[in-house]
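Please have the sequence and the model open.

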Amino acid sequence: MHFLEFEKPIAELEAKIEELRHLADGGDLNIADEVKKLQDKVDKLLRSTYAKLTPAQKVQVARHPNRPHCLDYVEALITDFTPLAGDRLFGEDRAVIGGLGRFRGRSVVVIGQEKGNDTESRVKHNFGMAKPEGYRKAQRLMAMADRFGLPVISLVDTAGAFPGVSAEERGQAEAIAKSIESCLRLTVPMVSTIIGEGGSGGAIAIAAADRVLMLEHSIYSVISPEGCASILWRSATNAADAAQALRLTAQDLKELGVIDRVVMEPIGGAHRRRDETITALGNAIEDALESVRGQDGPTLRLNRRQKFLDMGQKGLG
């Protein structure tokens, strides 16, 4: 287990538990009671620590390397998944995962951003930062979903779109804008979930949905805290102040009306109980799809567009 900076007291207790278990394996010592006491302390400390996380600490949890990623959710929730590659214009972008499958018996199109979970896979998936061909692949899949009447499920987890020169040369801004437009044009249900980081236009490109969900300790913002601090304070060391100002937590965004539902995570975050988190998210996605079932295409599209037009209106009068 990778422990974050603020989890050091928890790490020390868990290290003691492992030591005791190791001692018990090598002899006749009965340490069950002591282990139980320490485990109760760990659970209590986890509960109190995660109940009062600061926005900066939420950023750390959202980026936790052991947190479930897009492919973990696809493998657990989508049966008969058939990945589809390429944008039919330039090439394949492995930062964006897409394809057809069945979600709890219902045929769906799945689009997601994959960060990777080790050095090799992170390089392969470009750390979840898509290039124009990734967003154009998403557009192609959304057009396919619309044509065949299939709901769209998107899983957002990116620090942002790839900022390299090559991406700009191939029309990064246009690709993102067209992807957002494709979301808003859909006449089929679309449910999007922020499972980790939701960074800037790279995230909203596949998140302009009928229902937008967020895991409890995920983040969603127009810019990363480090990027914001570099602009406003000329130093990334003020990232914690930027995280506070950006209102990027799931709780803040629910209050602001940017998202529709916060999906609670197990105590200690999604990285501690991955299967439990994946099941909870699957239930939330099913509920979200059910909430728009029966609406015809024009109504879905009108309501979706109006939802995003209404954002920011509160307080303007």
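Does Leu-232 count as buried or exposed? The model is a predicted one, and in it Leu-232 has a relative accessibility of 57%, so Leu-232 counts as exposed, the threshold for that class being over 50%.

Leu-232 belongs to helix H10, which covers residues 225–232. Together with Ile-231 and Trp-233, Leu-232 makes a nonpolar surface patch of about 320 Å².

Arg-234 is located in the loop between H10 and H11. Its relative accessible area of 69% makes Arg-234 exposed. Arg-234 is not a glycine, yet its phi is positive, at about 60°.

Most residues other than glycine have a negative phi. Arg-104 has a positive phi of about 50° and is not a glycine. Arg-104 sits in the loop between strand S2 (96–103) and strand S3 (106–113). With a relative accessible area of 38%, Arg-104 is partly exposed.

## Helix packing

Helix H3 (residues 55–62) packs with helix H11 (residues 239–246) at an angle of about 95°, the two axes being 7 Å apart. H3 is therefore roughly perpendicular to H11. On the H3 side the contact involves Pro-55, Ala-56 and Val-59, and on the H11 side Ala-240, Ala-243 and Gln-244.

Helix H8 (residues 172–185) and H14 pack at about 130°, with axes 8 Å apart. This angle makes H8 and H14 oblique to each other. H8 contributes Cys-183, Leu-184 and Arg-185 to the contact, while H14 contributes Arg-301, Arg-304, Arg-305 and Phe-308.

## Positions relative to Pro-189

Asp-296 lies in the loop between helix H13 (274–291) and helix H14 (297–310). At 44% relative accessibility, Asp-296 is classed as partly exposed. Asp-296 and Pro-189 are separated by 107 residues in sequence, and their C-alpha atoms are 9.4 Å apart.

Ile-204 is 15 residues from Pro-189 along the chain, with 16 Å between the C-alpha atoms. Ile-204 is part of helix H9 (residues 200–204) and is partly exposed, with a relative accessible area of 28%. Leaving aside residues up to four places away in sequence, Ile-204 touches Ile-180 and Tyr-220.

## Salt bridges

Side chains of opposite charge can pair when their charged atoms come close. With a cut-off of 4 Å between a side-chain nitrogen and a carboxyl oxygen, the model has 22 salt bridges. One of them joins Arg-63 and Glu-197, whose closest N and O atoms are 3.0 Å apart. This pair links distant parts of the chain, 134 residues apart: Arg-63 is in the loop between H3 and helix H4 (70–77), and Glu-197 is in strand S5 (residues 190–199). Arg-63 is partly exposed at 31%, whereas Glu-197 is buried at 8%. Arg-63 and Glu-197 are also members of a salt-bridge network with Lys-115, Asp-157 and Glu-226.

Asp-72 pairs with Arg-274, again with 3.0 Å between the closest N and O atoms. Asp-72 in helix H4 and Arg-274 in helix H13 are 202 residues apart. Arg-274 is partly exposed, at 31% relative accessibility. Asp-80 and Arg-102 form a salt bridge at 4.0 Å, N to O. That bridge connects strand S1 (residues 78–83), which holds Asp-80, to strand S2, which holds Arg-102, across 22 residues. Asp-80 is exposed at 60%, and Arg-102 is partly exposed at 37%.

How values were computed. Residues numbered from 1 in each chain as written. Predicted model: local features only at pLDDT ≥ 70, side-chain atom pairs only at ≥ 80, totals over all residues. Heavy atoms only, no water. Patch = residues over 30% accessible without salt bridge, like charges linked within 9 Å, V, L, I, M, F, W, Y side chains within 5 Å. Areas by Shrake-Rupley, 256 points an atom, 1.4 Å probe, with all protein chains shown as cover. Helix = DSSP H or I, 4+ residues; strand = E, 2+ residues; numbered from the N terminus. Buried < 20%, exposed > 50% of the residue type's maximum accessible area, 1.4 Å probe, protein only. Axes fitted to C-alpha atoms, helices over the stretch in contact; angles between N-to-C directions. Parallel < 35°, antiparallel > 145°, perpendicular 65-115°, else oblique. Contact = heavy atoms within 4.5 Å.
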